[in-house]
Amino acid sequence: MVLCLLMLCASAQAATVTETGTGITVISAESWAQTYPDVFASYLKNAENDTAMDHVQEYPMIATVYEGMAFNKYYNSARGHYYTVEDVTSTGRPHKLANCFTCKTPDFTAKVNNEGVGVYAIPFEDMLAEVNESISCYNCHANTGSELVVTHTYLADAMGEDFAALNAKTASCAQCHVEYYFDPETKAVTLPYGSKAAMHPDAILAYYDEMGFADYTNPRTGVAQIKVQHPEFETYMGAGSVHAAIFSCADCHMEKAVNDAGESYVSHTWMSPLASESITATCSACHADLKGFVEGIQAHAEERTIAIGNKLETLTNQLADAVASGKYTEEELDAIRVLNRRGQFYWDFVFVENSEGAHNSKLTEECLDKAEQLIDEAMALIKA
Ligand code: HEC
Ligand code: HEC
Ligand code: HEC
Ligand code: HEC
């Protein structure tokens, strides 16, 4: 009974896409403050989520695993939406193009919608001069103030016919919390799939293999590697997900709050469900100890991620030695390189996903199994 009711809620609203080429300008978050004071106040509270961990210190293996791209020196964990512009401007990593602003500010989203994909390739600094605010109302509502509108049109392109069935409260977040790549020619943000089924990591890897895509090449091993990015959407919606049919992203990450006058509103402080009493209350019918349950899943995923990451580091060093030794033919090295590329992809799909296994522990463990197997196969080809 409960499930049926919840499913009705979940299917209540389909996602719609913004019109493009309309010469629209962004109505700033500030301008909605009078109309929606509670939502606006909760939105400002994202500034309180201000701590970022230094991944390079926390996970020493990435200095080696990401060698060949700047993430191996500068890589901080995510924090609140309030900080996107500040964080993208000061990453320490070189950024040459405006496409880095895709998931950071509505000013760039509107520019893409008005002027087309050509703007992805303009210089970063030119775009910075036009940026007024971090992620805001326009990104998820266009200029309607409250209706859910997909303004990042690449999401609709990537979902194909499955887009119509996507819950708007999930689509809203899937505009950015996804795996993507920059098209080698246009530099446009593109998602590596064309349907919901093709969002699976196996299909994504096949997609990248087919186009011969690599984000970077390790200078010592010559392995053409893929740097996965925050695939929360693909993981949560993927095969094995317990709750994908019932709950939207917003159900677990945006709490229903009540103001001083007793009126209810949806909080726009994006947070962990574990940090919200009103969200965990809706889970308690089935999860007596949600926190302990989630922590158990995460601890197991985290332990394996570190162990397999260490193995990947060892493989990278062994392969670099093999290359330098001159004792292998190019064919022999290429066989190891392919296994290394694939193993790193499955490992990264878990490492950079922000729920640490909680969104879909089955898929998470499957990816870790595949990563480990591929890395073991590669190591077996290294001569003693
Ligand atoms: C990252 C996406 C995102 C951003 C940014 C965003 N919203 Fe929302 N908003 C949502 C989602 C998702 C819902 C639906 C939540 C639900 O129904 O559970 C929503 C709901 C609302 C509602 C209806 C809620 C209610 O109480 O009935 C209003 C009004 C609203 N947003 C205003 C704003 C304003 C104003 C801003 C900017 C200050 C803003 N939103 C920024 C995603 C966003
Ligand atoms: C326009 C792009 C965009 C949209 C839309 C978006 N996010 Fe984000 N989100 C980001 C970025 C970028 C970060 C990391 C910010 C940083 O570290 O500077 C982030 C960070 C977060 C964080 C904090 C993570 C942490 O480790 O503290 C949460 C939670 C979050 N988003 C949830 C959501 C939810 C839920 C939705 C949909 C309602 C959503 N986001 C929609 C881009 C987006
Ligand atoms: C069934 C509930 C549920 C749904 C639905 C859900 N998540 Fe989560 N999410 C979680 C849990 C649990 C965590 C781990 C929180 C923690 O570690 O405190 C998490 C973590 C996150 C984080 C990291 C936040 C942080 O504070 O570290 C982000 C970002 C995120 N989810 C985005 C999404 C997006 C995007 C979607 C939709 C595609 C989504 N989530 C759907 C339960 C959910
Ligand atoms: C109708 C019952 C029900 C409700 C309500 C419910 N859950 Fe679940 N949840 C389950 C079941 C069943 C599982 C699978 C348990 C298992 O694997 O041991 C599960 C698993 C999970 C997982 C782990 C997913 C994974 O892939 O391992 C998370 C995280 C989670 N629930 C969060 C939540 C949150 C947050 C809420 C409230 C918003 C919630 N659940 C509400 C029944 C429910």
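Student: What counts as a donor to a metal atom here?

Tutor: Donors are N, O and S atoms within 2.8 Å of the metal (3.2 Å for Na, K and Ca), and water is not among the atoms, so sites may look incomplete. In this structure, the iron atom of ligand 1 is coordinated by His141 (NE2) and His268 (NE2), at 2.0 Å. A quick note: this is a predicted model, where local features need pLDDT of at least 70 and side-chain atom pairs count only at pLDDT 80 or more, while totals for chains, interfaces and linings use all residues. Residues are numbered from 1 along each chain as its sequence is written, chains are lettered from A and ligands numbered from 1 in the order in which they are written, and side-chain values use heavy atoms, with hydrogens and water left out.

Student: What is the geometry of the site of the iron atom of ligand 1?

Tutor: Six donors count as octahedral if opposite donors are over 155 degrees apart and all others between 65 and 115. Ideal angles for six octahedral donors are 90 or 180 degrees. Here the six donor atoms make angles of 86 to 180 degrees, and the site is octahedral. His141 lies in helix 8 (residues 137-141) and His268 in the loop between strand 8 (264-266) and helix 14, so the pair ties together parts that are 127 residues apart in sequence. Helices (H or I, at least four residues) and strands (E, at least two) are DSSP runs, numbered from the N terminus.

Student: Are His141 and His268 buried or exposed?

Tutor: Buried means under 20% relative accessible area, exposed over 50%, and partly exposed in between (1.4 Å probe, protein chains only). Both His141 and His268 are buried.

Student: Which residues coordinate the iron atom of ligand 4?

Tutor: His243 (NE2) and His287 (NE2) do, at 1.9 to 2.0 Å. That site is octahedral too, with angles of 88 to 179 degrees among its six donor atoms. His243 is partly exposed, at 29% relative accessible area, and His287 is partly exposed at 22%.

Student: What surrounds ligand 4?

Tutor: A residue is near a molecule if one of its heavy atoms lies within 4 Å of it. By that rule 15 residues surround ligand 4, and the closest are His243, Cys283, Cys286, His287 and Ser361. Helix 15 gives the largest share of the shell, four residues.

Student: How far is the polar side-chain atom of Ser361 from an oxygen atom of ligand 4?

Tutor: A polar contact is a pair of N or O atoms within 3.5 Å. For Ser361 the distance is 2.5 Å.

Definitions and conventions. Four donors count as tetrahedral if all angles lie between 85 and 135 degrees; four count as square planar and six as octahedral if opposite donors are over 155 degrees apart and all others between 65 and 115; anything else is irregular. A polar contact is a pair of N or O atoms within 3.5 Å; within protein, one must be able to donate a hydrogen and the other to accept it, and residues adjacent in sequence count only if both atoms are side-chain atoms.
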